[in-house]
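Please read the briefing below alongside the sequence and the coordinates. It is arranged by topic, with the criteria given where each term comes up.

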Amino acid sequence: MRAIRGWASIRALSVLMLAVIVMPAGAAYDETEYLKPEAFLAKVYGENVPSISLMPLRGDTRKRAEAVLGHRYSGMRLRYWQQDGTTAWIIDEKSKDMPMTIGIGINPEGEIAVIELLVYREPRGGEIHQAAFRKQYLGMRLTEADALSGQVDGITGATLSVDALNRVAAMALVLHQSVQASP
Amino acid sequence: MNLLSSNAKVLLVGLVLVVLQGCSSLKESDYVPKSPETLSEWMVEGSLELRADGVKSKSHFYFKQIDENYELAILGDDPVGKPKAVILGNIYEPENETLDVIGGYEAEKVAQHLQSVMKAGSLSYWIRGLPATADAKITQQGTNLAKKIEEDNWKIYFHDYMSVTGNYKLPAEIKFNGDSKNLRLDIVRAETGYLTNPCGQNLTDEEIEASVEQAGGEDVVRTLVPRDGSAPLPRWIDEADFCKQLRKIHGNQLPDARVGLYGPDSMMWRLSGMALPGSFGAGRALLLQVAHPWVTAGIDEHSVVRNDPLGRARRTFYHILSVTYGSMPQVMASANQVRDIHEEIEGHLPEESGAFARGSEYRANEINAMIWVHATLWETIVHMYEKMEEPLTQQEKDRFYEETKLFAMLFGIPESALPADWNEFMDYNRAMWASPQLTVTPAAMRLKDDLFKAQSIWMIFPMWGQEIITSAELPPRIRDQYDMKYGWWQKMNYGWMRAGAWTLGALLPKNMERQAVYHEAMARLEGERLGGVNQFFIEAFFDKERLVN
């Protein structure tokens, strides 16, 4: 009986020792959450944030959105917010191999009024979070060719993130137009 | 009483160690999930229990959506069985749901019972923690995580979320409360993409078909390792080449998505499932890879490995294990992610390195370099398995090697560029060990030093041990280039380490002979969630709740 008890204890200790040995330090996720969605919406609407709206992404709107993205959009509908002609969009877009989450507010004139990086999930390229960089987008509109109306100066080492932000900004403007055009 | 006391001591020692290590490493790190609205090809499976109109219905089920179309399959008592009844519909036309009955009256009754209380189309949203309409009232418990949704006379509570592939979190336990009716869904697992298409959808069918395979010529080994010691001609792989190989696997060879690339009868699962050969050979495989100047340059100039060598090892093995043990969608997700990471890795060699000239171009997505990285894995796993477990027959090695070709194809490498069989594969390995293509550069030396540097007090012994094991098992020429010693001191230590490992193997419970991811894959095949100590290991080592379930 004593031998069995000893054996049981040694087995249990072996499991625990192995568990401790394999435990690594540090997390597997390179992620920074810069802003909560509620805080982004507060920047767009102040205290009176509207309830959500839902847009099925179909037909011509889908075609235009995918054209500015340069790839198929994964998802069948979009959640957005609208009030007095101002719309707000939260969109995920891949920069390198992970998606970043971007919030864009567009005023009734169809100009970008707020652009925020909510979540960044890559180890590099997060410089697009800098306010001075994002400021370049404010006031931009959609051209007839569904492009941004202005030039954006890139950031060395963050080319993919800048490209992704450009795509999402143009997509949000396309979606805003679609909302404005709907009855 | 004595037994309790003895176990209590063991538990106390264990708890002290665990607390010292830090409680943060016991559970997966938290992360902000992607919005489940961005899912267009997905499925979940689990069980349902519905009580309504004085009737109780129970069944296993899966819910699958491909773009606009969804299907809710009633499986009956078998969690991985064939559908017995299927509700089909389109999210934009929820009134036109149809019911197909394949397997009998009981399944039909469950499906009709469910249809009497809700549209399956609404479930396509609720099951992901989303509102079905803009009229819903939502209470959040975090970004993209609903706590409660009130809609269509239901109060829907989301009690638990599971982490799934692609940075999503989906509800694991959902309770629907309505007037005199309630429904409970327990979700076991989910797929979040790559159900119908194995690669990204940036290319047309014509572009993929137009891709020309870059074969290895008549003498594959000499194409990869030229006799004169020069570097092989680069053969770049673009997205179309990559996609063409993925389509071959996805479309033609592997019909059972749940099993994935290999399955429990494969040599791959047999060899890589054992915990000890893999853990003893990890350093050998990594240093053989890094002895290739392209690999070193790619890591040194593009990776965060210098600051986080264990992290790089963990990410590498995460993808290797996902491809080896994952379901087909998980395999394809991992292959695409690795390709995306590799796509950005390119540059020019900063110095002359053996067969490679200073300033010559390198890229991660290149056939010769990728074949070498693959070779280090498979040659090492067989080498260590034979040393630590049992010898393999020629037939078993040939079978194993045939299986590794599928793995290579997932990285865009055409089968014709690979050595034909195990013997030719070993000729290739030996030629590489002797070739100036493998040259340990100063950057490789730094990577080696970083790799074996203990990051915490708990890692001092494992890292010291891993360095001795690696030194013992590396081909002598490469070991000398790394300036690693293998004299009497190292031989003595390696001797007792192997004996200790053998003893540990004998002491550990039988089901711990195989590594945790193997058990997780087996749970998937049985339609179950992993739990217990293997779940603990996965979260502790990979910092992920699940890899292949």
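The points that follow cover the sheets, the helices across them, the disulfide, a cavity and some backbone torsions.

This is a predicted model, in which local features need pLDDT of at least 70 and side-chain atom pairs count only at pLDDT 80 or more, while totals for chains, interfaces and linings use all residues. Residues are numbered from 1 along each chain as its sequence is written, chains are lettered from A and ligands numbered from 1 in the order in which they are written, and side-chain values use heavy atoms, with hydrogens and water left out. Helices (H or I, at least four residues) and strands (E, at least two) are DSSP runs numbered from the N terminus, and two strands pair if DSSP finds at least two bridges between them.

**Sheet and helix in chain A**

- Chain A has an open sheet of six strands with antiparallel pairing, in the order β1-β6-β5-β4-β3-β2.
- Because β1 (32-33) and β2 (52-56) of chain A stand at the edges with a single partner strand each, one side of each is left without a neighbour in the sheet.
- Strands β3 (residues 77-83) and β4 (residues 86-94) of chain A run antiparallel and are joined by four bridges; Gln83(A) has Thr86(A) in β4(A) as its bridge partner.
- Helix α5 (residues 159-181) of chain A lies across β2, β3, β4, β5 (99-106) and β6 (112-120) of chain A, at about 145 degrees to β4(A), where contact means heavy atoms within 4.5 Å and axes are lines fitted to C-alpha atoms, for helices over the stretch in contact, with angles from 0 to 180 degrees between N-to-C directions.

**Sheet and helix in chain B**

- Chain B has an open sheet of ten strands, again written with antiparallel pairing, in the order β5-β4-β3-β2-β1-β10-β9-β8-β7-β6.
- The edge strands of this sheet are β5 (93-101) and β6 (137-142) of chain B, each of which pairs on one side only, and the twist averages 20 degrees from one strand to the next.
- Five bridges join β4 (residues 85-90) of chain B to β5(B), the two running antiparallel, and Asn90(B) stands opposite Glu93(B) in β5(B).
- Helix α2 (residues 105-117) of chain B lies across several strands of chain B, including β1 (41-52), and runs at about 85 degrees to β1(B).

**Disulfide**

- Over all chains the count comes to one disulfide, a disulfide being a pair of cysteine sulfur atoms within 2.5 Å.
- Cys199(B) and Cys243(B) form a disulfide with their sulfur atoms 1.7 Å apart, and the torsion about their S-S bond is about 55 degrees, so the disulfide is right-handed.
- Cys199(B) lies in the loop between β10 (181-191) and α4 (205-210) of chain B and Cys243(B) in helix α6 (residues 239-253) of chain B, so the pair ties together parts that are 44 residues apart in sequence.

**Second largest cavity**

- The structure holds six cavities of 30 Å³ or more, a cavity being a set of points, on a 1 Å grid over the protein atoms alone, where a 1.4 Å probe fits but cannot get out, with lining residues having an atom within 4 Å of a point.
- The second largest cavity has a volume of about 70 Å³, a volume being the space filled by probe spheres set on the points, which are joined across faces, edges and corners.
- Among the residues that line the second largest cavity are His374(B), Trp378(B), Tyr401(B) and Lys405(B), and the elements giving two or more residues to this lining are α12 (367-388) and α13 (394-409) of chain B.

**Positive phi**

- Asp152(B), although not a glycine, has a positive phi of about 55 degrees, and its place is in the loop between β7 (145-151) and β8 of chain B.
- Asn167(B) has a positive phi near 65 degrees and is found in the loop between β8 and β9 (168-178) of chain B.

Definitions and conventions
On a 1 Å grid over the protein atoms alone, a cavity is a set of points where a 1.4 Å probe fits but cannot get out, and a pocket is an open set with protein on both sides within 12 Å along at least five of seven lines; lining residues have an atom within 4 Å of a point.
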